[in-house]
Amino acid sequence: MNSNLKQLLTTDRPFLTDGGLETTLVFHEGLDLPAFAAFPLLNDTKGRETLRNYFDNFLQLAQQNDTGFVLDTPTWRASQGWADETGFSSEAIDRINARAVSFARDIAAAWGEKGVPVVVNGVVGPQGDGYVPGQTMTAEEAQEYHARQVVSFATAGADMVSAVTMNYVEEAIGIARAAKVAGVPVVISFTVETDGKLPTGQGVGDAIALVDAATDASPIYYMINCAHPDHYSAILGGADWTARLGGMRANASRMSHEELDNAEELDDGDPVEFGELHAAMMRGLTGIKVLGGCCGTDHRHVGEVGKCCVKGHAHAA
């Protein structure tokens, strides 16, 4: 475990991360992302410049807030099951996952020279839809499916991996087990609906307990992502399981996932309110290690979160 990751896990000042990469690229940059996949941008100079500019905006916020940054690889769709829809072979996807870590390492080195500790995080997305648990896998099937991408990240030198927009427990268990075998720290991030529960109807606390029981509590922490703060803030107060909650990446919009899927225009909410809502949630939480955004958010939203929750240490209030 490198020093930046150790600092992330022990600091009382949360690290920042980015916002909604794909929604920013589609709605603000006007890019076409087949299957909502950003990883093909790594294959050409212009695409890499677009990604670099995107991440630099957020890293500047970390510098301004005197904190660190969790730098995600743009690989949410870079697993084997998405090869056909993205037009990449299995071997090309292996190469792109390694390239994504190298790309992130270059950014981390540049900002490290500026005094910003950066943790390189290999992003693992769901085998299916991020919102709907359709054709689900067993934990064993999920481990086999995701192991290839996890190993690619570990071999390329990622500091950790994160499974994001997980919407059912078995897939989360499989990824956690694959990471343990590969010897790389893992974070599990669950998606919740407007009622604060997983799309399966399961509570977040129950999901965390099941993953911990099946993996000897191998995830270094858990997160909630891809839901508005209003959708899950009510489940946080006083719950024992929140001791395992290490991060939040909320949506800008109060829309349901179904409404977001059908939206033709971006609902980017209110960045100032977004920061204030996070400050209110942080007052009841003590273990938050990373804060950022998800769908519809950009550097404005994360900037407000930094003002409200990092400089002011809102979680200690």
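A nonpolar core is a set of buried Ala, Val, Leu, Ile, Met, Phe, Trp, Tyr and Cys residues joined through side-chain atoms within 4.5 Å. In this predicted model, the largest such core has 79 residues.

**Nonpolar cores**

- Within the largest core, the residues with the most contacts are Ile-188, Phe-190, Tyr-232, Leu-236 and Met-248.
- Helix H5 (residues 90-112) supplies the largest share of this core, namely 10 residues.
- A second, separate core consists of 10 residues, among them Val-70, Val-187, Met-223 and Val-290.
- Beyond its neighbours within four places in sequence, Met-248 is in contact with Met-223, Ile-224, Tyr-232, Leu-236, His-278, Met-281, Met-282, Leu-285, Ile-288, Val-290, Leu-291 and Gly-292.
- In soluble globular proteins, nonpolar side chains tend to be buried together.

**Helix H8 and the residue after it**

- Helix H8 spans residues 204-215, and its 12 residues reach 16 Å from the first C-alpha to the last, close to the 16 Å expected at 1.5 Å a residue.
- The buried residues of H8 are Val-204, Gly-205, Ala-207, Ile-208, Val-211, Asp-212 and Thr-215. Because they cover an arc of only 160° around the axis, they lie on the same side of H8.
- An α-helix has 3.6 residues a turn, so residues three or four places apart point the same way.
- Packing against the buried residues of H8 involves helix H7 (169-182), strand E5 (186-191) and strand E6 (221-225).
- Asp-206 and Ala-213 are exposed residues on the face of H8 turned away from its buried side.
- Asp-216 follows H8 and is found in the loop between H8 and E6. Its phi is near 55°, a positive value in a residue other than glycine.
- With a relative accessible area of 65%, Asp-216 is exposed.

**Helix H3**

- H3 has 20 residues and reaches 28 Å between its first and last C-alpha, close to the 28 Å expected at 1.5 Å a residue.
- Buried positions in H3 are Gly-47, Leu-51, Tyr-54, Phe-55, Phe-58, Leu-59, Leu-61 and Ala-62.
- The cover over these buried residues includes strand E1 (15-16), H2, E2, H5, strand E3 (118-124) and H12.
- Three of the residues listed as buried in H3, Tyr-54, Phe-55 and Phe-58, form one aromatic cluster.

**Aromatic and charge-over-ring contacts**

- The structure holds 5 aromatic pairs. One of them joins Phe-36 and Trp-76 edge-to-face, at 6.5 Å centre to centre and with 75° between the planes.
- This pair links distant parts of the chain, 40 residues apart: Phe-36 is in the loop between helix H2 (21-28) and helix H3 (45-64), and Trp-76 is in the loop between strand E2 (69-72) and helix H4 (83-86).
- Phe-36 is partly exposed, at a relative accessible area of 29%, whereas Trp-76 is buried, at 14%.
- The charged end of Arg-77 sits over the ring of Trp-76, 3.9 Å from its centre.
- The charged end of Lys-114 sits over the ring of Trp-111, 4.0 Å from its centre.

**Ala-35**

- Ala-35 lies in the loop between H2 and H3 and has a positive phi of about 60° although it is not a glycine.
- Most residues other than glycine have a negative phi.
- Ala-35 counts as partly exposed, with 23% relative accessibility.

**Glu-171**

- Glu-171 is placed in helix H7 and counts as buried, at 1% relative accessibility.
- Apart from neighbours within four places in sequence, Glu-171 is in contact with Gly-125, Pro-126, Gln-127, Met-137, Ala-142, His-146 and Met-166.
- The C-alpha atoms of Glu-171 and Ala-213 are separated by 14 Å, the two residues being 42 residues apart along the chain.

**Cys-294**

- Cys-294 is found in the loop between strand E8 (290-293) and helix H12 (299-310). At 13% relative accessibility, this cysteine counts as buried.
- Leaving aside neighbours within four places in sequence, Cys-294 is in contact with Gly-19, Gly-20, Thr-23, Asn-225, Cys-226, Arg-249, Ala-250 and Asn-251.
- Cys-294 and Thr-165 are 129 residues apart in sequence, and their C-alpha atoms are 9.9 Å apart in space.

Terms used: Residues numbered from 1 in each chain as written. Predicted model: local features only at pLDDT ≥ 70, side-chain atom pairs only at ≥ 80, totals over all residues. Heavy atoms only, no water. Helix = DSSP H or I, 4+ residues; strand = E, 2+ residues; numbered from the N terminus. Expected span 1.5 Å × (residues − 1). Buried < 20%, exposed > 50% of the residue type's maximum accessible area, 1.4 Å probe, protein only. Arc of directions from axis to C-beta. Contact = heavy atoms within 4.5 Å. Phe/Tyr/Trp six-rings, centres within 6.5 Å; stacked < 30°, edge-to-face > 60°. Lys NZ or Arg CZ within 6 Å of the ring centre and 35° of its normal.
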